[in-house]
Amino acid sequence: MEHIRIANDWYRLDNAAKIFPAISTKKETNTFRVRVDLVDTIDMALLQQAVNLVLERYPMFKVRLKSGLFWNYLDYNERPFIVLPLPQRVCGSLSPKEHNGYLFQIYYWKKSIVLEMFHSLADGSGAFALIKSLVYEYLLLKGLKITPDNLILTRDSLPTVEEYEDSNLTYYDPHNHKHVPEKRAFLIKGTPISDGNIGLISATIATKDMMDLARANEASVTEYLTALMLYTIYITHIQYREHLKENKKPVKIFVPVNLRKQFPSKSLRNFTNFVKSGMVMNRSDISFDEILAETKKQFAYGLQKSELIRKMSENVSFEKNIFLRATPYFLKKFVLKIGYNMMGLLLNTLSFSNLGKIDFPESMQPHIDKISVGVYSGRFNTVNFGVVTYKDQFSMTFTRSIVETTIEREFFRHFTSKGIHMTLESNYVEEYR
Amino acid sequence: MKYCDKCHVDVQTNQKYCPLCHQVLQGDNDETWIELYPKFIPLRREVLPLTKKIILFITIVAIAVLLAINLTAWEGKLWSLIPIGSILYVFMIVRYGVLSRQNIAFKLALLTTALILILNMIDQQFTEPEARGWAINYVTPLALLSCNVAISAIIWIRRINFRDYIFYLLTIMVFSLVPIILCLFNIVTVVWPSLAAFGLAIFILLIIVFFFPKSIKDEIKKRFHF
Ligand SMILES: [Zn+2]
């Protein structure tokens, strides 16, 4: 495999990845987590072996972040990658010291394999490709008879240029990059959890129950849950309090969209855009159906190809701006930081990522019990939400940087009040203060 | 498996309360159950940050005391700059040389640059006019020369990390050009140290260009892509 490493031993950051090193701090970590629970307890030594094998197939992840004069870049990391036991902290910052400079970390705990990744490296699709390969290698090392069935990137294939291309630069349109100004969003305030820890509450329901619920409302699952989220925030924080200053701001849900479904990209790096659904909640008689109708409209508009290209091109043209490019990085950092705080972070109330349906080969399925995802929560977006489907399990995970669990409670009670059976797990951050 | 009859959810835990409504859960603990998430162990406040804080504190106090003495008993000279410069330098050695885990070429380049700046400051401010110029004539080029030798030696001995060190080597090489340029403007009056530093820099550069042309090209591409 030596020849691959020499051929491509450094990578430019992709368009989306460029912003994260400048804006990430210990509190705004910009990391996310993917968890795969196996049926048996994890063998740490085998997992370590599996990671070493998988990293040969993913040279673009065997890197660390280094600084250049104008931009940071990803450079080949010769240090060993070491799997660690799962810490209590969810989506903490990946300090170069503790993680040998790697921008992702594999943890094990009981029957779970947990991948936490810094967003500069890849998005959810890249992370899932990696963890699928890892689980595959791990189960092979355990001596199980499994086949990849073209659903897994294995060491039988070589890494390709398409896998680490920046697809944003391939599919953007230089003539369609108009900036559309936005209003600041309503922010969920609360008591910060001590030590900057993150609370995690995850619920699992039957996939069929979720599908039926969405279908009965003639909406997609993402539309339905987005509307439900808006409604939950409305009844817990705004209803009958519309006159308060903060409550006059629109509630906005940021929903990442996987562009690989719209464009023929094989990239394992960042290739996502977003749809936003928002509403100014200025009356006390807004119904769920009214919100859902509005959400459906906003999704239909936001998911149009021209609109997705516009948003992509807006980012690319910002990156390609000659003045920004020619500014040394240590100055550029401030520009990016201020720009992101004004134009990114404060424009969203909450982010909701739907990673979709995760497929594993049939031969692997009996060994995999459960899959869940989570994203970090920070100072402004204090509550975030991630969902993923695996077989008949629909997993919904809230992460929060505040003590209060009002939103989680009302959101989940919406399902149980309809008689849907729900199983809950929590990292009980509140019990360890 | 426990149950919250208020939220109507099953909860997989041995904890007492419902995570949603904080009411006591129904059901018994399962002694064989291991929690799905590890217990929180409060951050062990590391010794290192405390050491750093103490060093920083001592540095600041020492500087303040020196300045205060110097200014109250004013004799027409800001003599405190010499001990303050030395203290700052010791601080840098400890902070970046010992406590930091940056790569060693970076440390060498940084500490050499700082030493050169401080000694030149002392030279300009406090040396009698007839003896002035020792820092720029001798210290600057010879420090750069030593630094060049040191980084090259490290690169030569630890081949693997070649790529990480080359950038700092290039930086010190560019700095080595400064004394020879100052020679041309008669600011540097003793030529041989500057010439030696310059010669060595060119020699090392030629070796890299001839024997490792790809690595130097790659490094420049990486560091300066925009
Ligand atoms: Zn409850």
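How are the donor residues of the zinc ion spaced in sequence? I looked this up first. The spacing is C-x2-C-x10-C-x2-C.

**Ground rules**

I am working with a predicted model, where local features need pLDDT of at least 70, side-chain atom pairs count only at pLDDT 80 or more, and totals for chains, interfaces and linings use all residues. Residues are numbered from 1 along each chain as its sequence is written, chains are lettered from A and ligands numbered from 1 in the order in which they are written, and side-chain values use heavy atoms, with hydrogens and water left out.

**Entry: zinc site**

I listed the protein donors of the zinc ion. They are Cys4(B), Cys7(B), Cys18(B) and Cys21(B), each through SG. These atoms lie 2.2 to 2.3 Å from the zinc ion. Donors here are N, O and S atoms within 2.8 Å of the metal (3.2 Å for Na, K and Ca); water is not among the atoms, so sites may look incomplete.

I then checked the geometry. The 4 donor atoms subtend angles of 107 to 112 degrees around the zinc ion, so the arrangement is tetrahedral. For four donors, that label requires all angles to lie between 85 and 135 degrees.

Are Cys4(B) and Cys7(B) buried or exposed? Cys4(B) is buried, at 0% relative accessibility. Cys7(B) is buried too, at 1%. Buried means under 20% relative accessible area, exposed over 50%, and partly exposed in between (1.4 Å probe, protein chains only).

**Entry: helix pair in chain B**

I took helix α3 (residues 104-126) and helix α4 (residues 134-157) of chain B. Their axes come within 10 Å and cross at roughly 175 degrees. The two helices are therefore roughly antiparallel, a label for angles over 145 degrees. Contact residues on α3(B) include Ile104(B), Leu108(B), Ile116(B) and Asp123(B). On α4(B) they include Trp134(B), Val139(B), Cys147(B) and Ile154(B). Contact means heavy atoms within 4.5 Å. By class, I read 17 nonpolar, 3 polar and 1 charged residues.

Axes are lines fitted to C-alpha atoms, for helices over the stretch in contact, and angles run from 0 to 180 degrees between N-to-C directions. Helices (H or I, at least four residues) and strands (E, at least two) are DSSP runs, numbered from the N terminus.

I also looked at Gln124(B), which is in helix α3 of chain B. Gln124(B) is partly exposed, with a relative accessible area of 43%. Its C-alpha atom is separated by 21 Å from that of Ile63(B), 61 residues apart along the chain.

**Entry: Arg64(A)**

Where is Arg64(A) found? I place Arg64(A) in strand β3 (residues 63-67) of chain A. Arg64(A) counts as buried, at 11% relative accessibility. Leaving out residues up to four places away in sequence, Arg64(A) touches residues including Tyr73(A), Asp75(A), Glu78(A) and Asp164(B).

**Entry: positive phi in chain A**

Asn100(A) has phi near 55 degrees, a positive value in a residue other than glycine. Asn100(A) sits in the loop between β5 (84-85) and β6 (104-109) and is buried, at 16%. Lys110(A) also has phi near 55 degrees. I find Lys110(A) in the loop between β6 and β7 (112-118).

**Entry: Asp173(A)**

I place Asp173(A) in the loop between α6 (167-171) and β8 (199-206) of chain A. Asp173(A) is partly exposed, at 28% relative accessibility. Not counting residues up to four places away in sequence, Asp173(A) touches Ile309(A) and Ser313(A). The C-alpha atoms of Asp173(A) and Met44(A) are separated by 47 Å.

Conventions:
Four donors count as tetrahedral if all angles lie between 85 and 135 degrees; four count as square planar and six as octahedral if opposite donors are over 155 degrees apart and all others between 65 and 115; anything else is irregular. Angles under 35 degrees count as roughly parallel, over 145 as roughly antiparallel, 65 to 115 as roughly perpendicular and the rest as oblique. Ala, Val, Leu, Ile, Met, Phe, Trp, Tyr, Cys and Pro count as nonpolar, Asp, Glu, Lys and Arg as charged, and the others, Gly among them, as polar.
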